Amino acid sequence: MSRLLYISNLGKQIQYIEKAVATYPELLQGEVDLCNMKKPPQWDADFESRLRAADVVLVTNMGVGLDSPFLERLERWLYAHHPKYWIDVVEPKKTDILYRNLDEDKRVLLESYRRTSGVMNYVRLINGAFSTKPTSEWEEPDPIPWQAIMGREGNIYETYDEFMDAEGHRDWPSIAVYFYRDEWIMGDIEYQQALFEEIYKHQYNPIIFYGQYGSNPRVGIPNMKLSMNHLFGKNEFPFDVLINTCKFSFQSLGAQTLEELKLQDVPIVQGYTIYMDEKSWAENPQGVTPLDVNLSISQPEIDGVIQGGVVACQTYDERGHYVYLPVKERIAAIVQRAIKWSTLRHIPVSERKVAVILHNYPPKNSNIGSAAGLDTPESVLRLLRDMKAEGYTIDTVPETSADLMDVVTSHMTNDRSMLTDELLASAEGRLSSDDYKSYFATLPEDTQTAMVKSWGEAPGDVFVYDDDVIIPGFSNGNLWITVQPPRGFGENVSAIYHDPCLPPPHQYLAFYHWVRDVFEADAVIHVGTHGSLEWLPGKGAGLSASCYPEIGISSLPNIYPYWTTIIGEGIQAKRRSSACLVGHLSPPMTTAGLYDEFEELEALLDEHSHFEREHPESVSTLGEVIREKAMECHLIDKERGSTMTVDDIITEVHEKLSDLKHMQMRNGLHILGQGPEGEALEEFITAIVSTPQGEIASGLATIAEELGYDWSYMAEHAGEIHLDGIRYSVTIDRIWNELRSFVRHVINIPDYTVLERLEPLANAIVREYIPKLGDTKNELTSISNALQGRYVEPGPGGAPSSGQVDVLPTGRNFYGLDERALPTKIAYQLGIELADQVIADYILNEQRYPETIGIILWATSNSRSHGQCLGEFLYLLGVRPKWQSGGRVSGLEVIPLEELQRPRIDVMGRISGLIRDMMPTAIGWLDKAVEMVAELDESLEDNYVKKHIHDDVDWLVEQGEDPLLATKKARLRIFGDPPQAYGTGVGALIEGKNWESLQDIAQVYSKWSSFHLHKDIPQDMRLFQRRLTTMDVTIKNEDNRETHIMSADDYYSYHGGLIAAVQTAKGSAPRAYVGDSSDRSRVVMRPLGDEIRRVVQGETQNPKFIQAMMKHGYKGASDMSNVVSHSFGWDVTSDVVPDWVYEGYANKYALDKTVQEWMRNVNPWALQRITEILLEASQRGYWDASPEMLQDLQSLFISMEGVIEGR
């Protein structure tokens, strides 16, 4: 009897085959051997026997092409050995070898049976595979509508009007739900019916319709758009919101184009049908599987969806067939979310109520509106003006942002030092204890238990006054302008040492309950990057009713202007607080230039060059002056500088001044809706074109090539003298000047002419960069559209000045990338370069290889760089990825030692909670790589991973551990936060002055960092500590200059915290490095101390930076206070901030009369904070300040008390 081997990983197809075999055995013309490829079979003699026994082999794949090693091997074997087969995948380069003895007509009809679906059509498919008859004698597929609207009983209607006439209400609004056609055919419609009933009970028409994603003209399948035209009429969309329960992306599978989605112009709320049962989902702290993250969450984000959450869980019956059963509470939640977005389309603008929430970390008046890179007060002011013009009910729009902040700070805020009985008594926002207790009683029992354990019985004591919970903020017509409540670690100071998963205080939950149900906001706007809501404890994705972000935001439309450069954190807001992101532009960019003592030093170098030519007898004296000046400028360490030759000093100073002069720096803050103009536009475009953009080479490299130079070599050897007798640093200046002239010329002269080499760049500037930067106004437009319940166009996130100009224009709902492709080939090569530089520098200083390297792994930087840190991790181990034709990583291979030419370095990754949630597949490859290296038959001298595993196993066994478990534990190399937690605790610890010694810092860091991801291995904090004891090097890479190590406390919290932990565990500090791949064509690895120096000299103490921040009033002063705080954090954790840095902040920020007076006026709390931090640095022994300077700072601090009291 004939035999068909059917190989697939598509669950529904497998079920159809099984049903066909079980239901109609008498109709089948042969036997069927079914192979489920979800778990690829072991390729052995038995499997090859199955292949040989089959007369026909049919293969289908849910992925793209031959996207696994199994499929690649199967294709090779079938091509070499089998007489009749068809691998039904898209693989353009192999079209002619994917089938044999099944001609085009047969393949089309077989595909038609499969695509049309249904059990009888699968009977025909099985028989067709065996058939030798011409297709003219084959049966046609049973017709089943390609699209239909489902009624209450599972019946279907072929048009919208038929449905409305039978079951609809013409006077009700409608919510649509899109689901898979095969689910209806199989009768798997329980969750669809649950959605129907939930929508209907709220008096909305439930338009529950199915279709196909992509079209297939070969077999007559329409795509989703054509199906919608058939159901509703061409370009008719009779619904307010679309709930999509299908996986993947509309655009990537050809269901709808972006233009069609924009024409449709309704919010798309994504509902997840997940690959786990409800009990497993409820108990899983991560929420959903890595496959669910990719298919149901990540890929749909390309379409600009709003994450709605889980709607159904996969459950298997006794036959092993799966169905999707509704999660009833989550069904209700997603429908409520859809209704809220629908409501925005119908409420008159004059009645629409909006809460504008300003972030506030640390929770002091110095930091209200703490959004990275954004002038929050000015942005909110412009938003208010636009809203007023659109007809929102707003009582007053302040004249200036300073006036706005005066109003904000005169009402209730989070600053406890400003609380008075009068302010508390007059607070407009308040919730009675009884009302809060009633609300609290509605929360899940596990939530109530956790809250009471951490904060006491409701309503607790945080911001409770006169038996009311106080809600910060004030009303302005139909707006509530407020500050987000404190996270809680400042209010429960001991928790940071023992409870990374501390719930937020009662007041936090009361705040969002009050906004939703007392103020009755129709939407909230969280202003800028970023708040705390999306970082509260709960599942990583697919949240439940017990997850705190879900409790907070509930069904409220959450509109979130967010910096496009900070991709990962933005995605977190999407996935954990259902945010509709509105990406905003980076702050203005410029080059640092030289100033003050650096200008003087450059003049000395110029004079030295002149004397070398004209007065060589005077060179030696001037050389010594340069030596002293270089050390005075802190470009060269005094101990080292005193022993260097003058020639070496001059060479190094040329290199460092050139680097400093042309370093990209922020030149102020972004304002929502305001693109760069005039000189700012020239500077921004210069920043863009100074690095490669896709296929277009860097403008610097192009001009250098035109002049006959190699830009990369020049940039790395700026102090050297070329054959023409001119130092490269001089030529670098010339090239930068020519680039600026070129940009200015192209921008300002309509009939420009440029060198042929520069024409592609000029065309990009005129046709793409200028128009897209001009569209920055879309940021405010998109916020307005979102508030009307309209669609916000999606776009990629990234850093425009670092090779990612495709993020322009801003104002789009940005998304990340497919983590299954990480690291990409280019990113892996960058990782190699970074790793090689670290190893070389370590050997230069220590005369040996580093044995263990600790690397900080963040989601955002790996999103922007496409996985360079992941690549670096792998290469240090001596492992490289294997990529399939579509670019996804399909496996790993070990690099032989003879090719590697060095030992395998042991690597520990400290992952963030965000990368744990966003990139589970990529992190899994790192774990796999460690396992592979641990299994190699190599000496301990060649394989430091094996060496340390050997030592750790011995130690664990001595401690009484079972040898098998000890081996598993000793192989762990990926550590991070406990489930449902985020961060390291270090920033809040230092900010709250809740520490005494480095050991305290290390203790908190280790408590928050020692968790691994293996469910079968018990958690054991000792394992993390063991890794620290062998750590020679720590690394944190940066991939752009729009942000840097002083931009946020996360940088010192993660990297500095790791250094502190190593110092404490090992007894000596590791060598710490910062990788710089902001220019992908030239990556650089620098010692941490050198990077601190560059950032301080190039930006934070640069008069250009100070002047730029002074243009931004309150927020400029606030960000300057953050710079001082972050510098202190680096010193506390890593001991890398020299005294001159503190002196610079004291002289330029606190004690400079002009700056001081400005801060007194715009943000006296920031000036007080700066002064307080400087005094703390001195008191704790980190800064050896002069008595005079300390006296000046103490007097200033005392005087600020009076200034603030008088506000």
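This is a predicted model: local features need pLDDT of at least 70, side-chain atom pairs count only at pLDDT 80 or more; totals for chains, interfaces and linings use all residues.

Biologist: Are Phe-232 and Phe-239 buried or exposed?

Modeller: Phe-232 is buried, and Phe-239 is too. They also belong to one aromatic cluster, together with Tyr-160, Tyr-178, Tyr-180, Phe-209, Tyr-213 and Phe-250.

Biologist: And what about Tyr-322 and Tyr-324?

Modeller: Those two form an edge-to-face aromatic pair, with 5.7 Å from centre to centre and 70° between the planes. Tyr-322 counts as buried because its relative accessibility is 9%, and Tyr-324 is buried with a relative accessible area of 3%.

Biologist: Switching to charges, which ring does the charged end of Arg-107 sit over?

Modeller: That would be the ring of Tyr-99, with the charged end 3.6 Å from the ring centre. Arg-416 does something along those lines with Phe-463: it lies over the face of the ring, at 4.7 Å from the centre.

Biologist: New topic, strands. What does S17 pair with?

Modeller: S17 covers residues 468-471. Strand S15 (residues 429-432) runs antiparallel to S17, and four bridges join them. In that pairing, Gly-429 stands opposite Ile-471. Strand S16 (residues 464-465) also pairs with S17 in the antiparallel sense, over two bridges, and Val-464 stands opposite Val-469 there.

Biologist: What happens between S16 and S17?

Modeller: They make a hairpin with two residues between the strands, and Asp-466 takes a positive phi near 55°.

Biologist: Are the faces of S17 covered or open?

Modeller: Both faces are covered. Asp-468 and Ile-470 are buried on one side, and Val-469 and Ile-471 are buried on the other.

Biologist: Last one: where does Ile-551 lie?

Modeller: Ile-551 lies in helix H21, which spans residues 548-553. It counts as buried because its relative accessibility is 7%, against a cut-off of under 20%.

Biologist: Which residues is Ile-551 in contact with, leaving aside its neighbours within four places?

Modeller: Ile-551 is in contact with Tyr-439, Leu-443, Thr-447, Leu-509, Arg-516, Ala-545 and Ser-546.

Biologist: And how are Ile-551 and Leu-581 separated?

Modeller: Their C-alpha atoms are separated by 20 Å, and the two residues are 30 residues apart along the chain.

Key
Residues are numbered from 1 along each chain as its sequence is written. Side-chain values use heavy atoms; hydrogens and water are left out. Buried means under 20% relative accessible area, exposed over 50%, partly exposed in between (1.4 Å probe, protein chains only). Contact means heavy atoms within 4.5 Å. Rings of Phe, Tyr and Trp (its six-membered ring) pair if their centres lie within 6.5 Å; planes under 30 degrees apart count as stacked, over 60 as edge-to-face and the rest as tilted. A charge sits over a ring if NZ of Lys or CZ of Arg is within 6 Å of the ring centre and within 35 degrees of the ring normal. Two strands pair if DSSP finds at least two bridges between them.
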